[in-house]
Amino acid sequence: MTNFTFISAMVSKLSPTDYVGFTFFVGCMAMMAASAFFFLSLSQFDKKWRTSVLVSGLITFIAAVHYFYMRDYWAAFGESPTFFRYVDWVLTVPLMCVEFYLILKVAGAKQSLLWKMIIYSVIMLITGYLGEVVYTDMAAFWGFVSGAAYFAIVYEIWLGSASKLAAAAGGEVLKAHKILCWFVLVGWAIYPLGYMMGTTGWYNGIVPAGNIDVAYNIADAINKIGFGLVIYTLAVKSQKD
Ligand SMILES: *C/C=C(C)/C=C/C=C(C)/C=C/C1=C(C)CCCC1(C)C
């Protein structure tokens, strides 16, 4: 085997017009850099905040590993790596629920709140997978069920018990909670939009055309890294007072 064939067996070519592949590639780098940033910052925090920042790093690290797989899958088959995508989400979205719980613990958040959020998010993802992969002719129906679970999460953090705990905690925790709430309301809304771009349903004439993976990749970068930075900032600020 010549050097050239050896290398081409390991690296696949990225065409300059393959913007989907480009977002997978940038996703790998962004998630990896964010993980390094969160992990290397750990020693500056005391015990109270270390777990939260650690979880931020785990979220981007798990995503980084999945992005390497997804990038290769896309390069090899030119298809959406939907299976890896959902495995990534089913691990990282519950960890984002853990982040909400951890910062609200100071105000007395109970574990039941954590489990409620995790169950909503798992229902949201499983039903989304059913519509995107298993029962594609019923994508609109499963997307609706998934959307209902998403709405339950939005309700819980904006108006439910989580919002009351945040108000009770006040100060920096309340501020951070509010920003995370906006991430979930606006940043997470990109996902159902991407879903509607990539599946068949009544919405096809309404939703602007686009690529489902580009939408998901942009949303992941905003939400996973942004979420982590909010937690990081909260930890830095809380340690000063
Ligand atoms: C890091 C990954 C995150 C934050 C993923 C979030 C995913 C969602 C909020 C997905 C939501 C969906 C709907 C609300 C309806 C259509 C199906 C989904 C799964 C794309």
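Which residues does Asp220 touch, not counting residues up to four places away in sequence? Let me start there. Asp220 touches Met31, Tyr67, Arg85, Asp88, Trp89, Tyr191 and Ile225. Contact here means heavy atoms within 4.5 Å. Asp220 sits in helix α10, residues 212–240. Helices are DSSP runs of H or I, at least four residues, numbered from the N terminus. Asp220 is buried, with a relative accessible area of 0%. Buried means under 20% relative accessible area, with a 1.4 Å probe and protein chains only.

A word on the source. This is a predicted model, where local features need pLDDT of at least 70 and side-chain atom pairs count only at pLDDT 80 or more, while totals for chains, interfaces and linings use all residues. Residues are numbered from 1 along each chain as its sequence is written, and side-chain values use heavy atoms, with hydrogens and water left out.

Next, Ser35. Ser35 lies in helix α2, residues 19–41. Ser35 has 3% relative accessibility, so it counts as buried. A polar atom of its side chain lies 2.6 Å from the backbone oxygen of Met31. Setting aside neighbours within four places in sequence, Ser35 contacts Gly57, Thr60 and Phe61.

Now the cysteines. Take Cys181. Cys181 is buried, at 0% relative accessible area. Cys28 is buried too, with a relative accessible area of 0%.

On to the core. The largest nonpolar core has 68 residues. Such a core is a set of buried Ala, Val, Leu, Ile, Met, Phe, Trp, Tyr and Cys residues joined through side-chain atoms within 4.5 Å. Ile103, Leu104, Met124, Val184 and Trp188 touch the most other members. Look at Val184. Leaving aside neighbours within four places in sequence, Val184 is in contact with residues including Phe100, Tyr150, Ile153 and Phe227.

Last, a helix pair. Helix α7 (residues 161–169) packs with helix α8 (residues 171–187) at about 145°, axes 7 Å apart. Axes are lines fitted to C-alpha atoms over the stretch in contact, and angles run from 0 to 180 degrees between N-to-C directions. From α7 come Ala162, Ser163, Ala166, Ala167 and Ala169; they meet Gly171, Val173, Leu174 and His177 in α8. The residues of that contact divide into six nonpolar, three polar and no charged. Gly counts as polar here, and Ala, Val and Leu as nonpolar.

Conventions
Buried < 20%, exposed > 50% of the residue type's maximum accessible area, 1.4 Å probe, protein only. Helix = DSSP H or I, 4+ residues; strand = E, 2+ residues; numbered from the N terminus. Polar contact = N/O pair within 3.5 Å; in protein donor to acceptor, adjacent residues only side chain to side chain.
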